Amino acid sequence: MSTAFWWLAGGGVLLLLIAVALLVKLNFSEQALVPLASALVIGILTFTITFASSLKGSTEEKVFSTSLVEDTRNRLPAFINPDPANSSISVRASELSSIARSSFSPGTIPEPAMKEEEVAAFNLRLLQYLIVRDLRDRQRIEWGIRQVRTHQGHFVASANVNQAPSLTRPATVQGEPALKLFVGNRFANSPFERMQWENIRLTLPQGSTLIIESDAGGPEKGPASADVMIRRPGFFVLRVSVSPIGGTGAGVVPEGLIVDATERPHFQTHYFLIKVKAEFSRLTAGNRLTEENKQWVRWAIDELEEHFSDKSPL
């Protein structure tokens, strides 16, 4: 039905142009050029104004907090076994701990540890890297089954299904080009993470690029931040910004997170604000790929909120 409509519309325009050309040819004179030029200018101007006014940009935005539990004995993210009672926090804590420790040389003596003055920047860069890693991995996993052991000694299982939006001729970030993006970010340089980037690609909408940024902050600039930006010129910009918002004293962990009683006194929690904002250009609002871009960006925002947001247990 749609194809027939456009064929009829195109045929009508063609017939109209033939009629205009015939009239001009039969009555050609210098006087005929003036109204013809005026009609063309007015027609083009009217079309441009009407079409441009129908295009509207849009914005998608979410703000949420995330936590990082620190082991005060070495200032590194605490290792916490995944807990089915609150999987998003415990699984993330386990990932943060694993990636943080793998960034040190194997067999480091004494055990890996951070200096107190380096902790803030270390944690920001760690979360920044995990955000990119999460977007990469979640697009390649359609389903998963997890089996974990509870604190009561029982094994429990859960299944998860994930369907990322399909993309037309997607851009990919993989191998050495991907590792170059993380220059200055130590977490991509471990043998395991390098191997991952060599074999797994990050998929982005067609024409998009990934940009990694960080800001040390200051008295006039505000708190330090670490940003992940995905940009497709003329179409959209998706920015994920992480900044610290405070912490707790020793012995305090996020609500719902279960830890061993003997370990708890050594743990404290840092909180971070994650701002996710996507802006879609007005100029390409009617492009056939814009809706595809929006679906992917919305999926990315929802995925990041699901993985990083601290949600109180039901």
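## Close-ups of charged and aromatic contacts

**View 1. Arg298 is partly exposed, at 33% relative accessibility.** We're looking at a predicted model here. The partner of Arg298 is Glu60, and their side chains meet in a salt bridge at 3.0 Å, N to O. Arg298 belongs to helix H7 (residues 290–308) and Glu60 to strand S1 (residues 58–71), so this contact ties together parts that are 238 residues apart in sequence. Glu60 is partly exposed too, with a relative accessible area of 22%.

**View 2. Glu305 and Lys62 make a salt bridge through their side chains, 2.7 Å from N to O.** Here, helix H7 supplies Glu305 and strand S1 supplies Lys62, so the pair ties together parts 243 residues apart in sequence. Glu305 comes out as partly exposed, its relative accessible area being 23%. For Lys62 the figure is 28%, again partly exposed.

**View 3. Asp227 and Arg239 meet side chain to side chain in a salt bridge of 2.7 Å, N to O.** Asp227 sits in strand S8 (residues 225–232) and Arg239 in strand S9 (residues 236–247), so the bridge ties together parts that are 12 residues apart in sequence. Back at Arg298, shared partners join Glu60, Glu291 and Arg298 into one salt-bridge network. The whole model has 15 salt bridges.

**View 4. Now for the rings: the structure holds six aromatic pairs.** One of them is Phe104 with Phe122, a tilted pair with 6.4 Å centre to centre and 35° between the planes. Phe104 is in the loop between helix H3 (87–102) and helix H4 (119–138), Phe122 is in helix H4, and the pair links these distant parts of the chain, 18 residues apart. Both Phe104 and Phe122 are buried.

**View 5. Trp296 and Trp299 share helix H7, three residues apart, or about one turn of the helix.** Both of these tryptophans, Trp296 and Trp299, are buried. Their ring centres are 6.1 Å apart and the planes make an angle of 45°, so Trp296 and Trp299 count as a tilted pair.

**View 6. Arg232 lies over the face of Phe235, and Lys294 over the face of Phe280.** For Arg232, the distance to the ring centre of Phe235 is 3.9 Å. For Lys294, the distance to the ring centre of Phe280 is 5.5 Å.

Notes. Residues are numbered from 1 along each chain as its sequence is written. This is a predicted model: local features need pLDDT of at least 70, side-chain atom pairs count only at pLDDT 80 or more; totals for chains, interfaces and linings use all residues. Side-chain values use heavy atoms; hydrogens and water are left out. A salt bridge is a side-chain nitrogen of Lys or Arg within 4 Å of a carboxyl oxygen of Asp or Glu. Helices (H or I, at least four residues) and strands (E, at least two) are DSSP runs, numbered from the N terminus. Buried means under 20% relative accessible area, exposed over 50%, partly exposed in between (1.4 Å probe, protein chains only). Rings of Phe, Tyr and Trp (its six-membered ring) pair if their centres lie within 6.5 Å; planes under 30 degrees apart count as stacked, over 60 as edge-to-face and the rest as tilted. A charge sits over a ring if NZ of Lys or CZ of Arg is within 6 Å of the ring centre and within 35 degrees of the ring normal.
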